[in-house]
Amino acid sequence: QVQLVESGGGLVQPGGSLRLSCAVSAPTFSSYVMGWFRQATGKEREFVAAITRHGGPDYYADSVKGRFTISRDNAKNTVHLQMNSLKSDDTGVYFCAADSTYYTSRTYSTQPYDYDYWGQGTQVTVSS
């Protein structure tokens with residue numbers, strides 16, 4: 001059984017920073033592409049970032065590129081999302097997800113339905 005537990009969310013002012021963490025209980029953590037998604041109230045869940053199995057390359061939604069950084073530590077079964085220069089539009093529940101599929105024509109997916117396992121989410125609120 002694969003379990004994901006997010007932490008690190010909270011309330012932050014615009015322009016501030018937060019670092020989200022995801023602890024993954026899995027016998028073969030390095031076999032998963034890891035992703036972060038977010039969901040604002042009343043909106044669809046959207047892709048934020050993904051990182052391939054051995055720590056790179058990494059990929060970002062255009063809305064967060066240059067502000068967010070995803071990283072992973074395969075020795076500790078953890079994945080992080082460093083979020084800088086936060087905006088009110090970044091508000092939402094952030095989810096960590098794991099994808100076990102080995103794609104033939106791409107290295108990662110931006111679609112939630114491609115990810116096999118999900119955490120419970122952590123709330124991020126950007127407000128003054």
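Thr52 counts as buried, since its relative accessibility of 9% falls under the 20% limit that defines this class. The model is a predicted one, and in it Thr52 is found in the loop between β5 and β6.

**Surroundings of Thr52**

- The side chain of Thr52 reaches the backbone oxygen of Pro57, at a distance of 3.0 Å.
- Leaving aside residues up to four places away in sequence, Thr52 touches Val33, Pro57, Tyr59, Arg72 and Thr107.
- One of these contacts, Tyr59, lies in strand β6, which spans residues 58-60, and at 21% relative accessibility Tyr59 counts as partly exposed.

- A search of the whole structure finds eight aromatic pairs, and one of them joins Phe47 and Tyr108 in a tilted arrangement, with 5.8 Å from centre to centre and 35° between the planes.
- Because Phe47 belongs to strand β5 (residues 46-51) whereas Tyr108 sits in the loop between β9 (92-99) and β10 (117-118), this pair ties together parts that are 61 residues apart in sequence.
- The two partners fall into separate accessibility classes: Phe47 is buried at 11% relative accessibility, while Tyr108, with a relative accessible area of 22%, is partly exposed.
- Tyr108 also pairs with Tyr59, and here the ring centres are 3.9 Å apart and the planes stand at 10°, so the pair is stacked, the cut-off for that class being planes under 30 degrees apart.

**Charges over rings**

- The charged end of Arg53 sits over the ring of Tyr102, at 3.7 Å from the ring centre.
- The charged end of Arg72, a residue that Thr52 touches, sits over the ring of Phe29, at 4.4 Å from the ring centre.

- Gly92 has its place in strand β9 and is buried, with a relative accessible area of 5%.
- Apart from residues up to four places away in sequence, Gly92 touches Gln39, Ala40, Thr122, Gln123 and Val124.
- Between Gly92 and Ala50 there are 18 Å in space, taken from C-alpha to C-alpha, and the two residues are 42 apart in sequence.
- β9 and β11 pair in the antiparallel sense over three bridges, and within this part of the model Tyr94 stands opposite Thr122 in β11.
- Strand β2 (residues 10-12), by contrast, pairs with β11 in the parallel sense, likewise over three bridges, and Leu11 stands opposite Thr125 in β11.
- In a regular strand the side chains alternate between the two faces of the sheet.
- In strand β11 (residues 122-126), Thr122, Val124 and Val126 make up the covered face, whereas Gln123 and Thr125 make up the uncovered one.

Technical notes. Residues numbered from 1 in each chain as written. Predicted model: local features only at pLDDT ≥ 70, side-chain atom pairs only at ≥ 80, totals over all residues. Heavy atoms only, no water. Phe/Tyr/Trp six-rings, centres within 6.5 Å; stacked < 30°, edge-to-face > 60°. Helix = DSSP H or I, 4+ residues; strand = E, 2+ residues; numbered from the N terminus. Buried < 20%, exposed > 50% of the residue type's maximum accessible area, 1.4 Å probe, protein only. Lys NZ or Arg CZ within 6 Å of the ring centre and 35° of its normal. Contact = heavy atoms within 4.5 Å. Polar contact = N/O pair within 3.5 Å; in protein donor to acceptor, adjacent residues only side chain to side chain. Pairing = 2+ DSSP bridges.
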